[in-house]
Amino acid sequence: MERCDCIEPLWPTDELLIKYQYISDFFIALAYFSIPLELIYFVKKSSFFPYRWVLIQFGAFIVLCGATHLINLWTFTTHTKTVAMVMTVAKVSTAVVSCATALMLVHIIPDLLSVKTRELFLKNKAEELDWEMGLIRTQEETGRHVRMLTHEIRSTLDRHTILKTTIVELGRTLGLEECALWMPSRSGSSLQLSHTLRHQITVGSSIPINLPVINQVFSSNRAIIIPHTCPLARIRPLAGRYVPPEVAAVRVPLLNLSNFQINDWPELSAKSYAIMVLMLPSDSARKWHVHELELIEVVADQVAVALSHAAILEESMRARDLLMEQNVALDLARREAEMAIRARNDFLAVMNHEMRTPMNAIIALSSLLLETELTPEQRLMVETVLKSSNLLATLINDVLDLSKLEDGSLELEIRAFNLHAVFKEVMSFIRPIAAIKSLSMSVMLAPDLPLCAIGDEKRLMQTILNISGNAVKFTKEGHITLVASVLKPDSLREFRTSDFHPAASDGHFYLKVQLKDTGCGISPQDLPHVFTKFAQTQPGGNRGYSGSGLGLAICRRFVTLMGGHIWLESEGAGRGCTATFIIRLGISDNTNAYQQQLIPQVWPGSGDADSAGPEALREERRPSSLKPRYQRSV
């Protein structure tokens, strides 16, 4: 068989090449054996490494590779079969371990990549945290400046000082070239320059308030950048060529307080704004930062609050001054009132002694004079004197009672009394006068009306005599009926008013006294004024009656003191009148002492003097000075 020429002929062994291979295999084996030692050291020191078994497998692969190269040193010369077998086993083991390692790396490479991704994520988070920390430091610095500015602003409550301090501190903190405040004018149609930092522009210049840039500032609650050429930014003279500076503006709420003008700050009712303009230096490329604009916004709010506090302080000081003036006026009025009270008391003392004493003497002497023999003309004159004296005595007593009621010195005399006897005595006073006018009188007492009661007998009788006397006085013909009854607890609600709230109790009852007459009546327009003191109403339009206008006013005071209510009803002129009052009386168990004084529950009466009864006739013939004081109210 012929040899093929394409096969390379055998090359004889070159000892130099073999020597180089031998040395290379030795160093490769040495390197392979050193790498596992380093991996073992790494695994030992890195106890948290999650892929230990992978490193052990990789170390075995490297060891086997090193063993293969080491065994290969004995194959460069003639060697035994054992060496060939060992070499084969080493290579097979190396192949198996290398394949297993390759397959394992396919599974762990994605995990390693995810670890790298998490590392990038953590790196980004760290950068974000660094940025946030820088922002926090910036905010802390801004907060420090705000606290410092707030302290300076709040150190005074003078509004001009607050505004001046704000401008100076902002200029020092932010390194401003100029800072100014534009305040609304009195009319609200323009803004006036009120405060500046460098005083380069005359204070008092004004601009219209309806400019677009002003509306833009007013409509935003944030600090905004405005053009340096707008009218708001013209707060420094234009001198030379310079780099245009950045200008910021922010509104300052005036919180419904004041229209802060330069010399006059009147109060405003509508909400208004001032504008703060801040200009950076023109010879630098400096720009406004976000934290600086935020600082300006916070300072503007603090200025608004400080101005409101200052206005409140000024208002409180004005209120204090006004209060002091009012206190002085009240003290003067109190002294004058005390003087008037002393003068009134002196007058009442004089009236009580110096006037009533001689008046009683005149009445007594006139009554005695009537018992003597007089000519008709003399008797007429003496009767006129007696009548006038009685009227004057009644007026004096009414004025005394009214004055005691008004100053609160009148006290009720609460004691047990015979309630039926009160009505009997009233009838004995009224019937003679009614008989003279041919008026019929009747008294009706309810069956359940107690014989005895606890209260002020004197004031009750005086009240009944007053309204009975008015009924006789204003009735020309007809009859007069007096009805006394006890209000049932269920009917108390019907008589409640805004100032009268009757309530049932075990130890008290409510007495209702109603007196009807057929007199001239009262017109509807006069009814609200009948209880007004010194009010001269004309019943039924009749002008023939006179009086002091105190009787019903005193009755109302007495009834109120006795826990009751009084009112008048009339359907109009010529239709009569009904006077009703309700008082609160105590229930008395001491009835034995009054059993002998029982009287009929109904007393009819006629218009002539003969039917008035002997008691009434004797009362009529009694001298007027010797009659009880209650006659003055008839």
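Predicted model: local features only at pLDDT ≥ 70, side-chain atom pairs only at ≥ 80, totals over all residues.

1. Residues are numbered from 1 along each chain as its sequence is written, and side-chain values use heavy atoms, with hydrogens and water left out.

2. Taking a salt bridge as a side-chain nitrogen of Lys or Arg within 4 Å of a carboxyl oxygen of Asp or Glu, the count comes to 13. Asp331, Arg334, Arg335 and Glu338 are joined in a network of such bridges. Within it, the closest N and O atoms of Arg334 and Asp331 are 2.5 Å apart, and those of Glu338 and Arg334 are 2.9 Å apart. Arg334 and Asp331 are 3 residues apart in helix α6 (residues 290-370), which separates them by about one helical turn; helices (H or I, at least four residues) and strands (E, at least two) are DSSP runs numbered from the N terminus. Arg334 is partly exposed at 41% relative accessible area, where buried means under 20%, exposed over 50% and partly exposed in between (1.4 Å probe, protein chains only).

3. A salt bridge also pairs Asp448 with Lys488, with their closest N and O atoms 2.9 Å apart. This pair links distant parts of the chain, 40 residues apart, with Asp448 in the loop between β8 (440-445) and β9 (452-455) and Lys488 in the loop between β10 (479-486) and β11 (508-517). Asp448 is partly exposed at 35% relative accessibility, and Lys488 is likewise partly exposed, at 49%.

4. Glu178, in strand β1 (residues 178-184), is buried yet has no salt bridge, and the nearest side chain of opposite charge, Arg198, is 5.3 Å away; Lys and Arg count as positive and Asp and Glu as negative, with His and the chain ends not counted. The side chain of Glu178 does reach the backbone nitrogen of Leu197, at 3.0 Å.

5. The structure holds 0 disulfides, a disulfide being a pair of cysteine sulfur atoms within 2.5 Å. The sulfur of Cys520 lies 8.6 Å from the closest cysteine sulfur, that of Cys577, and is therefore too far for a bond. Cys520 is buried at 14% relative accessible area, and Cys555 is buried at 0%.

6. Ile71 lies in helix α2 (residues 52-71) and is buried, with a relative accessible area of 16%. Leaving aside neighbours within four places in sequence, Ile71 is in contact (heavy atoms within 4.5 Å) with Val83, Val86, Met87 and Ala90.

Conventions:
Polar contact = N/O pair within 3.5 Å; in protein donor to acceptor, adjacent residues only side chain to side chain.
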